Amino acid sequence: MIPGAFDYHRPSSVEEAVALMGQYGLEARILAGGQSLIPAMRYRLAQPAVLVDINKLPNLAYLSEENGMLRVGALVRDTDVEFHQDIQSRYHLIADVSQVVADPIVRYRGTVVGSLCHNDPSGDWAATAIAARAQMVIRGQGGERTEAIDDFIVDSFTTSIQEGEMAVEARFPVPNTRTSGAYEKIERKVGDYATAAAAVQLELAQDGTIKEIGIGVTAVALKALRVAEGEKLLRGQKPTRDLIRAAAEEAAKIADPNPDARGSKEYKKDMARVLVGRGLVKALGRLGVKI
Amino acid sequence: MQITLNINGQDKKMDVEPRTLLAHAIRDAGLTGTHIGCDSSSCGVCTVLLDGNIPVKSCTMFAVSAEGHPITTVEGLAGSNLHPIQQAFHDQHGLQCGYCTPGMMLSSVALLERNPNPSEDEIRFALSGNLCRCTGYQNIVKAVQQAAQAMNQPAGAAADD
Amino acid sequence: MAIESPNLEPKGIQGLGKAIKRKEDSRFIVGKGNYLDDINLPGMMHMALVHSPYAHAKINGIDSSEALKVPGVKAVITSKELAGAGLAWVPTLAGDKQMVLADGKVLYQWQEVAAVFADTRQAAADGAAAVQVDYEPLQAVVDPYKATDADAPVLREDIKDKMEGAHGPRRHNNHIWTWDVGSKDETDQALASSEIRVKQHMVYPRSHPAPLEPCGCIGDMSKATGRLTVYMTSQAPHAIRTVLSLVTGIPENNIRVISPDIGGGFGNKVPVYPGYVCAIVGSIVLGVPVKWVETRTENLTTTGFARDFHMDIEIGATKEGKVTAMKVYTLADHGAFDAAADPSKYPAGLFSICTGSYDFPKAYAEVDAVYTNKAPGGVAYRCSFRVTEASYLIERSMDVLAHELKMDPAELRIKNFIQPAQFPYPSALGWTYDSGDYEKTLKVALDKLGYEELRKEQAEKRAKGELMGIGISTFTEIVGAGPSKDFDILGLKMFDGAEIRVHPSGSAIVRAGTRHQGQGHETTWAQIVSEELGLDVDKIIVEEGDTDTAPYGLGTYASRSTPVAGGAMALGARRIREKAKKIAAHLLEVGEADVEWADKKFSVKGVPGKSVTMSQVAFAAYTNLPQGMEPGLETTYYYDPPNLTFPNGAYVCVVDVDKGTGEVKVRRFVAIDDCGTIINPMIVEGQVHGGLTEGFAMAFMQEIAFDAEGNNLSSNFTDYLLPTSLETPKWETGHTVTPSPHHPIGAKGVGESPTVGSPAAFVNAVVDALAHLGVRHLDMPVTREKVWKVLRGAGIDAF
Ligand SMILES: Cc1cc2nc3c(=O)[nH]c(=O)nc-3n(C[C@H](O)[C@H](O)[C@H](O)COP(=O)(O)OP(=O)(O)OC[C@H]3O[C@@H](n4cnc5c(N)ncnc54)[C@H](O)[C@@H]3O)c2cc1C
Ligand code: FES
Ligand code: FES
């Protein structure tokens, strides 16, 4: 299928990109990896009049740690994360997710930031960002702001990015050696969006209690959700099987999925529970805690 | 609009619309070894290499965006001899109808460059963005293993079989 | 400088049983295959279609004016224009007729409504998007069981009062035909007196072959010569030529159908689709070549669906597990037009192979076909005309019976197998099975798997609350349609032709009426000829797909190439050998009776060393002939097989079930096939791998699903799921060889056995894993959720 016609711009600086976005407003879309946008355009589900291709922008492909944060520039592709040895060994949650987003070829083009901006309710990065307590850096003509992921994710395919703005970076806190995480996804096949998926990240205190925890679930509501009640149950506690079960049940409670070919409401709710449980067990296991 | 794409080492000037998909641009340039099999970026029969070793689905990229990035298609795999992956697909019966084969081989080449000694699981993982409807993948896996072996042999020690 | 075409030819005489590498590979691995969309003709226009968003709707008007304003758009046609050419409707292969473009109403979602012709593919797409259609939605019939309700809406206004159909009387507007076979009374009696009776309902869901290359067509009508050349993704180019001649009135010798390289067919590329007709009409009207290549959505929503059989079975048996009778009722959902690609006499295909590998004394099967608001089709998707449905039915049912009898499913099968001594075996539903040794094949499979050990492991696991299952399928296929006394499509007898020309210098060109789509004919046909004539395979070229040059044949589908065209090839070669023998006698200066064919050459009996090769004979055929003999060394042979062939196999599958998610993992799969004589073991193994993968897909993922309004929920590859390398299990293959006694080289055909035989093995394995929880059957695709429901229902949970 053939996309509708559009005007194409290839800015060479973020300033220029933002200016174009300001100029064309809602008519314009950023083209990052194109792995969501182009298929949508081929089906003519999206018919933007103007595309602002950011792929040639310099200095947006950085992936570096600074001030306790992993900074992921807007042109960092999924594979940059997937093939990054240091990230793979220290960022357990991110390592997990980087291997199950889309398919291996799509990951060569798809960007982490683009996925977060696209904010598909079944996307994998949003739940991950929730569990990891990530932040988004957004640039507009008026300047730059940083936003907590919970504020950034507004609704299905909707973020807090305003007309005339673009995201330039996602930031993930650097995990210490007492921190681990896991991403548990069930999909019908490689390249399928999740039937349900859960992201967890937790930090153990010296005494073995859970110091900090993040739990996100995706594909079970109109947007990725934080399982706040589950986090609350575990925070400050020594993890036990019963506590984990109870925390996982919180995921099922808040899940409100649409039934579709991937599964009924009941099934997806139950999977939110099972996958959160599994993620917690796996993350703890990676810290040497057997449940 | 006028663009120049470097395909298999040759600069090709072409007149495209911004919406022209890279896959169509490549095919319109007469290089029909790059195929199209879906509209949802699912099948991978359109896979080409960008910048030498980055496999991309050429149906999910606009031709204009590929300017400045050398492109390798199946037609550019062989030099004066077949590329080891081509020989291996033949030797191991890694193709039947041949429709997925160009994309499959290019994804394999990218894998081998990154990981010269992949295990069967790693091969199956890396090729899971390319569908094949004919072979059941088993002989494709064998072909990649053969190619890995051939490519790991020190230069000059080329097997004669 | 990149090489254009590597020389990878296998060399020398390479006959039957040799795993030589494929001759056709050379062009594909360098990207020089020539598929339909690779063909570009001067001045060619592009066509795009407008589709219905509704499953059932009246069309109040079509407005093309906006489309015609799109730069580059040259014409838009609708049913009205087609009617002018007498092509608004065309006959289907099943005796029905079918709209080319919607005529007054649409009968399924995505039905073709208008065709737009333009200079570029972009303009064609923009034009199609600009056509305005005024629809008035009607109530859709989606559930086939409701199609013949008294108050069901009439789908086919065109045959509203025509209650006599192509296959007998119709009892409702949405009823197409009823077909039955076997003795109902005797079966009922046998069932009534059976000690054990089991019943089961099961659905073989609608699916789609979905080859990676979509369908397409280029119509090229030459105004100058009046000749129509049609490039088409066709598995049956000759039959297409005949059909085109019949519907367009163009003399058949003025039509040339060229089927270029095909990127997979699997039955999808047998019928004639509306898009083909429109592209041809477009070329006739516009006077330039017109290309149409399907989008994936068009492929999945409008062309060649398969299966959609809703089956009820009852089996009778003794307490000891000896089967006594089988009775089957099937409701077949044929969609909006009966366009099934079945032999005329068999509207339900060869479904009556449903007694399988077992000695059923009595059987009866009845099939009802109905219209619904879904796409037409009913193609033989990697299957010999409904054999897949039949095999699944019987193999699944044998497990249901085993469950009822609390008997090991392997033991039950062995107890009921048709015995080697019973061949040729007349089945209760009228077939004569050629050969087989079912017990031997099963035992090879069970030994390879380590069946006893695995049953022990299963018992131990079950005691610990873990779930694993073992599934068996010992299927028998019926392929190679077929003998002309019974088999035709649109009256065309289902023989196949082979032409062999041996040139003076000893090389040969071989042509067949079949059209391969990856099956390796360019290699296997060469092997048969190499075997029969003693010529080097690298001196034999195989050509298929051009109706101007190839002999007539019904094409490649339903596993018929090897049984039918392969037979033609062998017998054609033998006919050449007979003539060659006379020439050899002349060269050797002895009488013909003193010449023998041994070691791939002609020798004088009893005189070692005195011999001539086929190459020498070929030269003589053009240079030095016996007095009075017609020069040349070539023949065309049409083979009308005396019977069908009955490939069979034993497949065993082991699965593990995840108690938390319901996920099923195939741990092992052993497939032992018996396809008679093997021409090329490498190619056979490749065919089995591919077919098993499609069977796996059927069992676990593939389904063309609809919602209650008739919207197609599987219209692209994000919803119609094809397995990747990661989900696909590792296959363990092997074979036994029981040659077909009536086939010239004893071959039976194998391309489809694995798709036919494997789904039951997968499902049986899953059901076996859950059997102790009271599960007797699960319908395909066996999703995680279906398993999860069973687990949670039984109070099983885990995370
Ligand atoms: C076959 C297939 C399977 C997939 N499966 C999955 C999956 O399982 N899980 C999953 O999470 N994703 C999946 N995806 C989506 C994929 O991961 C996308 O790459 C990702 O969602 C979008 O990233 P992108 O860089 O390609 O963005 P694009 O497609 O370029 O853009 C997507 C949207 O985000 C906007 N956007 C992009 N970057 C910015 C920016 N910097 N600032 C503001 N707006 C921006 C664009 O304007 C557009 O609206 C799949 C895609 C394909 C083709
Ligand atoms: S054509 Fe299917 S992924 Fe590109
Ligand atoms: S060889 Fe046919 S799709 Fe792979």
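Mentor: Start with a term: domain bounds come from an automatic or database domain assignment. This is a predicted model, where local features need pLDDT of at least 70 and side-chain atom pairs count only at pLDDT 80 or more, while totals for chains, interfaces and linings use all residues. Residues are numbered from 1 along each chain as its sequence is written, chains are lettered from A and ligands numbered from 1 in the order in which they are written, and side-chain values use heavy atoms, with hydrogens and water left out.

Trainee: Into which domains is chain B divided?
Mentor: The bounds come from an assignment, automatic or from a database. For chain B they give domain 1 (2–76) and domain 2 (84–152).

Trainee: How far apart are the C-alpha centres of domain 1 and domain 2 of chain B, and what area is buried between them?
Mentor: Buried area is the accessible area (1.4 Å probe) that two parts lose on being put together, summed over both. The centres lie 21 Å apart. Carbon and sulfur atoms give 62% of the area buried between the two domains, which totals about 1,200 Å².

Trainee: How many salt bridges and how many residue pairs in polar contact link domain 1 and domain 2 of chain B?
Mentor: A salt bridge needs a side-chain nitrogen of Lys or Arg within 4 Å of a carboxyl oxygen of Asp or Glu. A polar contact is a pair of N or O atoms within 3.5 Å; within protein, one must be able to donate a hydrogen and the other to accept it, and residues adjacent in sequence count only if both atoms are side-chain atoms. Between these domains the count of salt bridges is zero. The residue pairs in polar contact, both at pLDDT 80 or more, number seven.

Trainee: Which strand gives the largest share of the side of domain 1 of chain B that touches domain 2?
Mentor: Strands (E, at least two residues) and helices (H or I, at least four) are DSSP runs, numbered from the N terminus. Strand E3 (47–50) and strand E4 (54–57) of chain B each supply at least two residues of that side. The largest share is three residues, from E3(B).

Trainee: How many residues of chain C are in contact with chain B?
Mentor: Contact means heavy atoms within 4.5 Å. On the chain B side, 53 residues take part. On the chain C side, the number is 60.

Trainee: What area is buried between chain C and chain B?
Mentor: Carbon and sulfur atoms give 55% of this area. In chain C, C:Ile29, C:Leu212 and C:Ser725 lose the most, together 16% of what that side buries. The area buried between the two chains is about 4,500 Å².

Trainee: Which residue of chain B forms a salt bridge with C:Asp37?
Mentor: The count between chain C and chain B is six salt bridges. In the one with C:Asp37, the closest N and O atoms are 3.5 Å apart, and the partner is B:Arg27.

Trainee: Which helix gives the largest share of the side of chain C that touches chain B?
Mentor: There are 27 residue pairs in polar contact between these chains, both residues at pLDDT 80 or more. Helices of chain C that each supply at least two residues to that side include H1 (25–29) and H16 (681–700). The largest share, nine residues, comes from H16(C).

Trainee: What area do chain A and chain C bury between them?
Mentor: In this pair, 25 residues of chain A are in contact with 25 residues of chain C. Of the buried area, 57% is on carbon and sulfur atoms. The total is about 2,200 Å².

Trainee: Which residue of chain C meets A:Asp270 in a salt bridge?
Mentor: The rule finds four salt bridges across the interface of chain A and chain C. In this one, N to O is 2.8 Å, and the partner of A:Asp270 is C:Arg792.

Trainee: Is A:Ser98 buried or exposed?
Mentor: A:Ser98 is found in helix H5 (residues 92–98) of chain A. Its side chain and that of A:Gln88 are joined by a polar contact of 2.9 Å. Buried means under 20% relative accessible area, exposed over 50%, partly exposed in between (1.4 Å probe, protein chains only). A:Ser98 has 0%, so the residue is buried.
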